[in-house]
Amino acid sequence: MTATSAAVRVTADPGVGARVLAHPAREEIRIEAVLHALSDPMRLQVVRELAAADDELTCSRIELPVSKSTTTHHFRVLRESGIVSQTYRGTAKMNGLRRDDLDTLFPGLLDAILAAANQQADRLGED
C-alpha cells in the first residue's frame, strides 16, 4: 500500500503541525494482509502485548529483540495491514489494537489467533 492509496484514519485530533500516519479504512482491510502481518513472531508478540494492555502503548513499551529500524518496520506492517492504529501524542507514537474493526470484518479471528499464540507460548515456556 502506498501513502497515496491509503485512506487516512485519524483517531484523535492531532493538532496543528502534528504528523498524521496513513491507515487503511475499515473497508480496505484485507484478510491476506492481516494474516501475513500476524505470521511474523515479532509482530504477533506486539499484537499480544497490545491485546493484554488496558490502553494504548508507546513503541518503547513493547520491547522486541531486534534493532530499532526493524522494530519500526514491524509496527509499519501492522499499521498498514489495519491491525493497529498509531497516533502521535507529543513526541510519543501511541499504538492501539484495531479490535473493533477486525472483529467486525473477521469475527472471532483475532480471539482465535491470540488464544492459539498464548497456548503456544505456554507450551514452549515463552511467557
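Let's start with a working term: a residue is called buried when its relative accessible area is under 20%, exposed when it is over 50%, and partly exposed in between, using a 1.4 Å probe and protein chains only. What you have here is a predicted model, where local features need pLDDT of at least 70, side-chain atom pairs count only at pLDDT 80 or more, and totals for chains, interfaces and linings use all residues. Residues are numbered from 1 along each chain as its sequence is written, and side-chain values use heavy atoms, with hydrogens and water left out.

**The overall picture**

- The chain has five helices and three strands; helices (H or I, at least four residues) and strands (E, at least two) are DSSP runs, numbered from the N terminus.
- Read from the N terminus, the order of elements is α-α-β-α-β-β-α-α.
- The chain has 127 residues, and 38% of them are buried.
- Take the contacts (heavy atoms within 4.5 Å) between residues at least 6 apart in sequence: 59% of them join residues at least 24 apart.

**The sheet**

- The three strands make an open sheet in the order β1-β3-β2, with antiparallel pairing; two strands pair if DSSP finds at least two bridges between them.
- β1 (57-58) and β2 (84-89) are the edge strands, each with a single partner, so one side of each has no neighbour in the sheet.
- β1 pairs with β3 (residues 92-97) over two bridges: Leu57 sits opposite Asn95, and Thr58 sits opposite Met94.
- β2 and β3 pair over six bridges, again in the antiparallel sense, and Thr87 has Met94 as its bridge partner in β3.
- β2 and β3 also form a hairpin with two residues between them, and Gly90 in that turn has a positive phi of about 65 degrees.

**Helix α2**

- Helix α2 (residues 41-52) lies across β1, β2 and β3, and runs at about 85 degrees to β3; axes are lines fitted to C-alpha atoms, for helices over the stretch in contact, and angles run from 0 to 180 degrees between N-to-C directions.
- With its 12 residues, α2 reaches 16 Å from first C-alpha to last, close to the 16 Å expected at 1.5 Å a residue; the expected span is 1.5 Å times one less than the number of residues.
- Its buried residues are Met42, Arg43, Leu44, Val46, Val47, Arg48 and Leu50.
- Those buried residues of α2 pack against α1, β1, α3, β2, β3 and α5.

**Helix α3**

- α3 has 14 residues and reaches 20 Å from its first C-alpha to its last, close to the 20 Å expected.
- The buried residues of α3 are Thr71, His74, Phe75, Val77, Leu78, Arg79 and Ser81, and what covers them includes α1, α2, β2 and β3.

**The nonpolar core**

- A nonpolar core is a set of buried Ala, Val, Leu, Ile, Met, Phe, Trp, Tyr and Cys residues joined through side-chain atoms within 4.5 Å.
- The largest one has 24 residues, and Val47 and Ile83 touch the most other members.
- α1, α2, α3 (68-81) and α5 (109-124) each supply at least two residues of this core, and α2 gives the most, with five.
- Val47, in helix α2, counts as buried because its relative accessibility is 1%.
- Leaving out residues up to four places away in sequence, Val47 touches Leu38, Leu78, Ile83, Leu97, Leu110 and Leu114.
- The C-alpha atoms of Val47 and Leu97 are 7.1 Å apart, though the two residues are 50 apart along the chain.
- Ile83, leaving aside its neighbours within four places in sequence, contacts Val34, Ala37, Leu38, Val47, Leu78, Gly96, Leu97, Arg98 and Leu102.

**Before the first helix**

- Val20 belongs to the segment before α1 (31-38), and is partly exposed, with a relative accessible area of 43%.
- Val20 and Thr87 are 67 residues apart along the chain, with 7.0 Å between their C-alpha atoms.
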